Amino acid sequence: MKLTVLGATGGIGREIVRQALAAGHEVTAVVRDPARLAVTGEHLEVVRDDLSDAGSLRPAVAGRDAVLSGLGARRRSDAGIATTLTRTVLRAMEAAGTRRLLVVSAAPVGPMPENSPLADRIGGKIVGALLKDIYRDLTAMEAELARSATDWTSVRPPRLQNKPVTGAYRTVVGGFPRAGRFAGRADVAHAMLAMVDDPATVKQAVGVAY
């Protein structure tokens, strides 16, 4: 497949690039600073773009089978960036006629599973209060996706970890795995690549966790 990866220097984006190349896909990595992308490969094209203009981004998404985005806030002061940048991506994709889009959101954006452990409910409320601006941003981003003409999927992991890919994670379309407290960035990337051609995930939020 021909894939475009946005936020390719972030933890999840970098893993998407690495795993996609290993699987034999052609990858276009869109980054602000190419020097920060420590992944190389014969089928890798690196494009410098700050995602401020849909017109400049359009060539990087045109003719692709899917666009996978690891864009999002890395700290609380970045709240708002996911919605702003995703709007640019949506405009570029719609202009180019590219339909498949997968993005990273977060578990607290959706409802907690029924009969979740009490500790999870309390912890969720605490984290939600601390990071409310970031989750408000991701909620707005998902609303933009829902209004778009793209075949989108929003992937909602819980607390992220840096660990090798295992493939031993759970996914729930339209929900979230019960008592799912962690997910490795590499496994979130693995799940996103697996969802690219899965019609059951189109126009759906998908919870991913161990």
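A residue is called buried at under 20% relative accessible area, exposed at over 50%, and partly exposed in between (1.4 Å probe, protein chains only). Strands (E, at least two residues) and helices (H or I, at least four) are DSSP runs, numbered from the N terminus. By these terms strand 5 (residues 100-104) is mostly covered, with 5 of its 5 residues buried.

This is a predicted model, in which local features need pLDDT of at least 70, side-chain atom pairs count only at pLDDT 80 or more, and totals for chains, interfaces and linings use all residues. Residues are numbered from 1 along each chain as its sequence is written, and side-chain values use heavy atoms, with hydrogens and water left out.

**Strand 5 and its sheet**

In a regular strand the side chains alternate between the two faces of the sheet. Strand 5 is covered on both faces: R100, L102 and V104 are buried on one side, L101 and V103 on the other.

The sheet is open and has 8 strands in the order 3-2-1-4-5-6-10-8, with mixed pairing. Strand 3 (44-48) and strand 8 (170-173) are the edge strands, each pairing on one side only. Neighbouring strands are turned by 20 degrees against each other on average, direction ignored. Two strands pair if DSSP finds at least two bridges between them.

| Strand | Partner | Bridges |
|---|---|---|
| Strand 4 (residues 66-69) | Strand 5 | 3 bridges |
| Strand 5 | Strand 6 (residues 151-156) | 5 bridges |
| Strand 6 | Strand 10 (residues 204-209) | 4 bridges |

L101 of strand 5 is the bridge partner of V67. L101 also has W152 as its bridge partner in strand 6. S154 stands opposite A205 in strand 10.

**Helices**

Helix 3 (residues 81-96) lies across strand 1 (2-6), strand 4 and strand 5. Helix 3 runs at about 170 degrees to strand 5. Axes are lines fitted to C-alpha atoms, for helices over the stretch in contact, and angles run from 0 to 180 degrees between N-to-C directions.

The axes of helix 1 (residues 11-22) and helix 6 (residues 185-195) come within 8 Å and cross at roughly 55 degrees. That makes helix 1 oblique to helix 6. Angles under 35 degrees count as roughly parallel, over 145 as roughly antiparallel, 65 to 115 as roughly perpendicular, and the rest as oblique.

Contact means heavy atoms within 4.5 Å. Helix 1 contributes G11, I12, E15, I16, Q19 and A20 to the contact. Helix 6 contributes R185, A186, V188, A189, H190, M192 and L193.
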